[in-house]
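Please look over the sequence and the three-dimensional model shown here before reading on. The explanation below may then be followed residue by residue.

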Amino acid sequence: MRKYRVGVLGSGKGSNFVALADAAAADPTIPYEIALVLSDVAEAGILTQARNRGIAAQYLSPGPFRTRLDPPTEAACVAALQQAEVDLVALAGFMRVLKDDFLRAYLTKVINIHPSLLPSFPGLEAWKQALEHGVKFTGCTVHFVDPGVDTGPIIGQLAVPVLDDDTPETLHARIQVAEHELYPAVVRALAEGRITVRGRLTTWL
Ligand code: GRF
């Protein structure tokens, strides 16, 4: 049977990609596979991790903007995902905001993982924000992507405690362990058609 095909976009080391890919590789009953990895960073670990697993991996030169892709690159990104017959786009540490054309091409089919319990602490270094605010629990969130930053409808969350002696590094590491459990579970649930999106995601169209 055809598996649900996932494209992963990332800019960093790729530990969430590894969790997604290795969960699927370890269990034949998991109904998704990683079809393609794209990165805006040529030397990103996520590309190496994908190639080491025999998964197609491509660098897309992002163009002159710092926080988004230039329109031709964004179009090339959509074309590569379509050519790979991707059903779902999973952002995993992708450091650019996707614009309307991309989101329209994959409407309700783009998800992201964020290292806090949204809507608390959107944006960069969410674990540092959590420490600075003195919260006693934080965690990770998987959500559908809309044109905002970490604002789309929430699909799943896992909480972790913040310990008195936590540093940014120890807290981020604890959150990442939770991410590696949550992301494969959510992608599996999407692949099995167990998640539907209601309302809020399409209001910006
Ligand atoms: C994760 O902490 C994720 O929540 C955030 O970026 C980080 C990516 O880490 N969006 P990795 O590249 O998957 O290791």
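The paragraphs that follow treat the salt bridges and then the ligand.

This is a predicted model, in which local features need pLDDT of at least 70 and side-chain atom pairs count only at pLDDT 80 or more, while totals for chains, interfaces and linings use all residues. Residues are numbered from 1 along each chain as its sequence is written, and side-chain values use heavy atoms, with hydrogens and water left out.

The structure contains nine salt bridges; a salt bridge is a side-chain nitrogen of Lys or Arg within 4 Å of a carboxyl oxygen of Asp or Glu. One of them joins the side chains of Arg 2 and Asp 87, at 3.0 Å from N to O. Arg 2 belongs to the segment before β1 (4-9) and Asp 87 to the loop between α3 (71-83) and β4 (88-91), so this pair ties together parts that are 85 residues apart in sequence. Helices (H or I, at least four residues) and strands (E, at least two) are DSSP runs, numbered from the N terminus. Asp 87 has 21% relative accessibility and therefore counts as partly exposed; buried means under 20% relative accessible area, exposed over 50%, and partly exposed in between (1.4 Å probe, protein chains only).

A further salt bridge links the side chains of Asp 27 and Arg 188, at 3.9 Å from N to O. Because Asp 27 lies in the loop between α1 (15-26) and β2 (32-39) and Arg 188 in helix α6 (residues 168-191), the pair ties together parts that are 161 residues apart in sequence. Asp 27 is partly exposed, with a relative accessible area of 25%, and Arg 188 is partly exposed, with a relative accessible area of 25%. Arg 188 also forms a salt bridge with Glu 192, whose closest N and O atoms are 2.9 Å apart. Salt bridges with shared partners join Asp 27, Arg 188, Glu 192 and Arg 194 into one network.

Which residues surround the ligand? Among them are Lys 13, Asn 16, Pro 115, His 172, Gln 176 and Glu 179. An N or O atom in the side chain of Lys 13 is 3.2 Å from an oxygen atom of the ligand. A backbone N or O atom of Asn 16 lies 2.9 Å from a ligand oxygen atom, and one of Pro 115 lies 3.4 Å from a ligand oxygen atom. The elements that give two or more residues to the shell around the ligand are α1, β5 (110-114) and α6. Of these, α6 gives the most, with three residues.

Notes: A residue is near a molecule or strand if one of its heavy atoms lies within 4 Å of it. A polar contact is a pair of N or O atoms within 3.5 Å; within protein, one must be able to donate a hydrogen and the other to accept it, and residues adjacent in sequence count only if both atoms are side-chain atoms.
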